[in-house]
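I set out to examine a protein model and to record what I looked up. The entries follow the order in which I worked.

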Amino acid sequence: MEKLPKIALPIVFVVVVLIILLVKSAVTIGSGERGVLYETLGDGVVTDEAPLDEGFHIIAPWNKVFVYNVRQQELFEREMSVLSSNGLEIKLDASVLYQATTASVAKLHQTRGEDYLQSVIIPAIRSATRSVVGRYTPEQLYSTKRDAIQNEIFEETKKILEPQFIQLNSVLVRDVTLPPTIKQAIERKLKQEQESLEYEFRLVTADKEAQKQIIEAKGKAEANRILSASLTDKILQDKGIEATIKLSESPNSKVIVIGSGDSGMPIILGNQ
C-alpha cells in the first residue's frame, strides 16, 4: 500500500506532461481562416509550403501557429481630409473591401505582421485618395466625375497593396462633403444648367413641330395642285349632275330643275 503512491506519481506526471504537449500541439483553424506555421527551432515562418487549411492539425509543441482571417473584410474610412485641385479642403467617406491573399498569407505575416490593416491598408487608401482627389475640382467631385474618381482610387490603392500580399476587391466612395458655400454655388450652377437644357429642348421640339407643319402644308398644296390640274370642265359637269340627281332622290326634298346655268349645270329653283 505504501509503494502505490510512489509508482502512481511518475505515471501521473507523465500523463500530465502528455496532456500539456497534446494541448500545445493541437491547432484548430476555423472557417475562412488560414494558419501560418512558425518553427521555433527551424527557419521561423514557413513560406515555402501552403498555409494550414481549415480544420484540426497537430504540430510540434515548440512551434507556433498564427491564424489569419482570409475572408473579405471592410474598412470604413470616415471623413478623410483631402484637397481638391484648387486647394479647397474636402471630406470624403469611403469603404475599402479587402482580404489577405490566401496562398501568400505566410509572406504577409513575415513582412507586415498581423497588424497589416493599420500599417499598410489605411496609409495606402489615404495616400491614393489624396493623390486622385487632387486632380479634380470640387464640382467634378460633387457631380460628374465621382465614378471616375472611385475607379482611380481603386487602381492606385491596388498598385500599393498587391506587392504586399493583400487583395483589394473594391473601393466605394460613399459621400463627398464640400464647404457649404461651395456646395450651394455648385447646386445653383447645376440648376441653371438643367433649366438651360430644358429650354433648349423646348426650342428643338417647337422647331421640329414647325418643320412638320410646313411639310404637311407643302404636301397639301402639292396635292391640291395635282388635283386642280386633273380636273376638266367635263369632269366637273358630270360630278355636278351626279350630285344633283342624288339630291333630287332625297325623300326630304322636292327639287324642280329647269333650264341650265352658264356652265351647263342644272339649276335648282326651290324645294319644300
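**Entry 1: the model and its conventions**

I noted that the model is predicted, that local features need pLDDT of at least 70, that side-chain atom pairs count only at pLDDT 80 or more, and that totals for chains, interfaces and linings use all residues. Residues are numbered from 1 along each chain as its sequence is written, and side-chain values use heavy atoms, with hydrogens and water left out.

**Entry 2: the whole protein**

I found seven helices and ten strands. Helices (H or I, at least four residues) and strands (E, at least two) are DSSP runs, numbered from the N terminus. Of the 272 residues, 26% count as buried. Buried means under 20% relative accessible area, exposed over 50%, and partly exposed in between, with a 1.4 Å probe and protein chains only. I also looked at contacts (heavy atoms within 4.5 Å). Among those with a separation of 6 or more, 65% join residues 24 or more positions apart.

**Entry 3: the sheet**

I recalled that strands of a sheet pair through backbone hydrogen bonds, either parallel or antiparallel. Here two strands count as paired if DSSP finds at least two bridges between them. In what order do the three strands of the open sheet stand? The order is 6-7-8, and the pairing is antiparallel. Strand 6 and strand 8 are at the edges, each with a single partner strand, so one side of each has no neighbour in the sheet. From one strand to the next, the twist averages 25 degrees.

I then followed the pairs. Strand 6 (residues 73-83) is joined to strand 7 by nine bridges. Gln73 stands opposite Tyr98 in strand 7, and Phe76 has Ser95 as its bridge partner. The two strands form a hairpin with five residues between them, and Gly87 in the turn has a positive phi of about 85 degrees. On to strand 8 (residues 166-177), strand 7 has ten bridges; there Ser95 stands opposite Leu172.

**Entry 4: helix 3 against helix 5**

I recalled that two packed helices are described by the angle between their axes and the distance between the axes. Helix 3 (residues 116-133) and helix 5 (residues 146-161) pack at about 135 degrees, with axes 9 Å apart. Axes are lines fitted to C-alpha atoms, for helices over the stretch in contact, and angles run from 0 to 180 degrees between N-to-C directions. The pair is therefore oblique, since angles under 35 degrees count as roughly parallel, over 145 as roughly antiparallel, 65 to 115 as roughly perpendicular and the rest as oblique.

Residues of helix 3 in this contact include Val120, Ile121 and Ala124, and those of helix 5 include Ile149, Glu152 and Ile153. The contact residues divide into ten nonpolar, three polar and two charged. Ala, Val, Leu, Ile, Met, Phe, Trp, Tyr, Cys and Pro count as nonpolar, Asp, Glu, Lys and Arg as charged, and the others, Gly among them, as polar.

**Entry 5: two positive phi angles**

I looked up Glu79, which lies in strand 6; its phi is near 55 degrees, a positive value in a residue other than glycine. Phe165, in the loop between helix 5 and strand 8, has a positive phi of about 65 degrees although it is not a glycine. Is Phe165 buried or partly exposed? At 22% relative accessibility, Phe165 counts as partly exposed.
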